[in-house]
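Let's take a walk through a protein fold together. Have a look at the model below, and then we'll go through its parts.

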Amino acid sequence: MGEVLVLNADVQPYRWNPLSVVSWKWGIKSYYLGKIDVLEWYAHECRSPSTRIKIPSVVILHEYHRARLRVNFTKRNIFIRDLHRCQYCGKAFPVIELTCDHVLPRSHGGQNSWENIVTCCRGCNRRKGQRTDIRPLREPRELDYWEMVHAVKQMQITVPDPRWQQYLQWPGELVKIRHPHFL
Ligand SMILES: [Zn+2]
């Protein structure tokens, strides 16, 4: 993750999923180009022999940009929709231990779609195999952007600056702070 949180002109993150975060270099460049305002600065400054440059932590766009509200059909988003829980045994797993399962197997004409793909642990994936009589705990469906935001905010997040929390309003117990390398 980068170091700079980008807010839209309405003081909401420009994008929630994935969260709109950019590198500190982009932040500094955009600030000097007059494209953004800075709401929070890091205490650290970049120094060269001739100048000191402050590093932005939270920036806001001057103009409101309408974000694209379509949710991409990706493995990552399937896992988020299902809150990283296997849809057969109901247990939560780290991403690396998850896979996707076709509810109606491909061999039976099952499609790659929001309605036919669910998050699955490897054990259940093996057990289910080509069977068609095992159903997921919840009927899978496509979520809209704001339903995905709601889901994503139930996941753990690592941020570089505790002050982001006032803009993100993420559940406190799910926020981890990892200070950026330049601090
Ligand atoms: Zn399982």
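Here is a tour of the domains, the sheet and the cores.

Keep in mind that this is a predicted model, where local features need pLDDT of at least 70, side-chain atom pairs count only at pLDDT 80 or more, and totals for chains, interfaces and linings use all residues. Residues are numbered from 1 along each chain as its sequence is written.

The chain splits into domain 1 (4-68 + 149-177) and domain 2 (75-142), with bounds from an automatic or database domain assignment. Their centres, taken over C-alpha atoms, are 34 Å apart.

Now for the sheet. Strands count as paired if DSSP finds at least two bridges between them. S1 and S4 run parallel, joined by three bridges, and valine 6 sits opposite valine 59 in S4.

What about the nonpolar cores? Such a core is a set of buried Ala, Val, Leu, Ile, Met, Phe, Trp, Tyr and Cys residues joined through C-beta atoms within 7 Å; buried means that 20 or more other C-beta atoms, placed from the backbone, lie within 10 Å of the residue's own. The largest core has twelve residues, including Val6, Trp24, Val58 and Val59. Strands S1 (4-7), S3 (36-47) and S4 (52-61) each give two or more residues to this core. A second, separate core has eleven residues, among them Ile80, Cys86, Tyr88 and Cys124.

Notes: Helices (H or I, at least four residues) and strands (E, at least two) are DSSP runs, numbered from the N terminus.
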